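Colleague: I have a model open and would like to learn how to read it. Could you take me through some of its features in turn?

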Amino acid sequence: MSVLICGSFAFDNIMVFPDKFKNHILPDKVHMLNVAFLVPELRREFGGCAGNIAYNLKLLGDNPVPMGTVGTDFAPYAEWMDAKNIKRDHVHVKQGHYTAQAFITTDKDDNQITAFHPGAMNLAHETPISEAKDIKLAIIAPDGRDGMIQHAEQLKSAGIPFIFDPGQGLPMFNGDELMAFAEQASYIALNDYETQLFMDRTGLPEEEIARHVEALIITRGAEGSYIYTEGKRIDIACQKAAQVVDPTGCGDAYRAGLLHGILHGKDWQETGRIASTLGALKIAHHGTQNHSIDAASIL
């Protein structure tokens, strides 16, 4: 059974500044800011929501089918996907564009300055859902705005259940557009900040949003998660991690667990626990695709 994963692929360029930004930014000169930070530590990781979710779903032994648009610099990522036996039939290279890229600089106080270039991601709408065959379940993760809207409409028309996971792309949509997604989706997954923004833009409380879908899943970091379904709230505890190293990509790992549970007809309590376990496994490793464990151990 195949799971279609619509979303971004990106290179995450992660830099560490061994000092504090505040020591180099003059408060009375922020209107004419011109600073440079020496960053002796640099990592380049494979990322993007579609890539991360597919990687985690593969760990669970499922068949992820990622769909996205990338640039002519994608070759190293393509080799990585091939090595992990993750299909890329629907990952299309767009000439004249770069793959989406994030440039993240973190200081000693864990403050971050991030620049994000969407690149080829903005052309996601050029790939129709109908290109993928024999899809049982899908997820719409952060992607190009037009692509997210179009793919939701196409999945609904095709009768394919899907999770709407707007993530950091949520601010691109107004209240009416978010309600349209809620009417089309079978499930909605948000973190606590995104939930507040969703409520602000739609004017609806959590419980009312949940009535539009089979389940509303809200992650809350170290405080665990909630799953609203059938008029009740199921609390999922946060799985204890071996160590807390890097939270980047934990949400994507969690969503892979949701997809696995839904795909295999597990109840929401078990589904949430699988998702939480994957998130705890990821947080103990740098990057978003550097953790590894066999499916039986996870389950």
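This is a predicted model: local features need pLDDT of at least 70, side-chain atom pairs count only at pLDDT 80 or more; totals for chains, interfaces and linings use all residues.

Colleague: How do the axes of helix 7 and helix 8 come together, and at what angle do they cross?

Modeller: Helices here are DSSP runs of H or I with at least four residues, strands are E runs of at least two, and both are numbered from the N terminus. An axis is a line fitted to C-alpha atoms, for helices over the stretch in contact, and angles run from 0 to 180 degrees between N-to-C directions. Helix 7 spans residues 250–263 and helix 8 spans residues 268–283; their axes come within 7 Å and cross at roughly 150°.

Colleague: Which word describes helix 7 and helix 8, parallel or antiparallel?

Modeller: Angles under 35 degrees count as roughly parallel, over 145 as roughly antiparallel, 65 to 115 as roughly perpendicular, and the rest as oblique. Helix 7 and helix 8 are therefore roughly antiparallel to each other.

Colleague: Is the crossing of helix 7 and helix 8 left-handed or right-handed?

Modeller: A crossing is left-handed if the near helix is turned anticlockwise from the far one by less than a right angle, and right-handed if clockwise. Helix 7 and helix 8 make a right-handed crossing.

Colleague: Which residues of helix 7 and helix 8 meet?

Modeller: Contact means heavy atoms within 4.5 Å. The residues of helix 7 that meet helix 8 include Ala253, Tyr254, Gly257 and Gly261, and those on the helix 8 side include Trp268, Ala275, Leu278 and Lys282. By class, the contact of helix 7 with helix 8 has 11 nonpolar, seven polar and one charged residues. Ala, Val, Leu, Ile, Met, Phe, Trp, Tyr, Cys and Pro count as nonpolar; Asp, Glu, Lys and Arg count as charged; the others, Gly among them, count as polar.

Colleague: Ala253 is in that list. Is Ala253 buried or exposed?

Modeller: Buried means under 20% relative accessible area, exposed means over 50%, and partly exposed is in between, using a 1.4 Å probe and protein chains only. Ala253, in helix 7, has 0% relative accessibility and counts as buried. Not counting residues up to four places away in sequence, Ala253 touches Asn56, Leu278, Gly279 and Lys282. The C-alpha atoms of Ala253 and Tyr55 are separated by 8.4 Å, although these residues are 198 apart along the chain.

Colleague: What does Pro247 contact, leaving aside its neighbours within four places in sequence?

Modeller: Pro247 is in contact with Lys282 and Ile283. Pro247 sits in the loop between strand 13 (232–236) and helix 7, and is exposed at 54% relative accessible area.

Colleague: How do helix 3 and helix 4 cross?

Modeller: The axes of helix 3 (residues 145–158) and helix 4 (residues 175–184) come within 9 Å and cross at roughly 30°. Helix 3 and helix 4 are therefore roughly parallel to each other, and their crossing is left-handed. Among the residues that meet are Arg145, Met148 and Lys156 in helix 3, and Glu177 and Phe181 in helix 4. The contact of helix 3 with helix 4 divides into four nonpolar, one polar and five charged residues.

Colleague: How many disulfides are there?

Modeller: A disulfide is a pair of cysteine sulfur atoms within 2.5 Å. A search of the whole structure finds zero. Cys49 is in no disulfide, and the nearest cysteine sulfur, that of Cys6, is 12 Å away. Cys49 is buried, with a relative accessible area of 16%.

Colleague: What about phi?

Modeller: Most residues other than glycine have a negative phi. Asn85 has a positive phi, near 60°; Asn85 lies in the loop between helix 2 (75–83) and strand 5 (90–93) and is exposed at 55% relative accessible area. Asp134 has a positive phi of about 55°; Asp134 is in the loop between strand 7 (112–117) and strand 8 (135–140) and is exposed, at 71%.

Conventions:
Residues are numbered from 1 along each chain as its sequence is written. Side-chain values use heavy atoms; hydrogens and water are left out.
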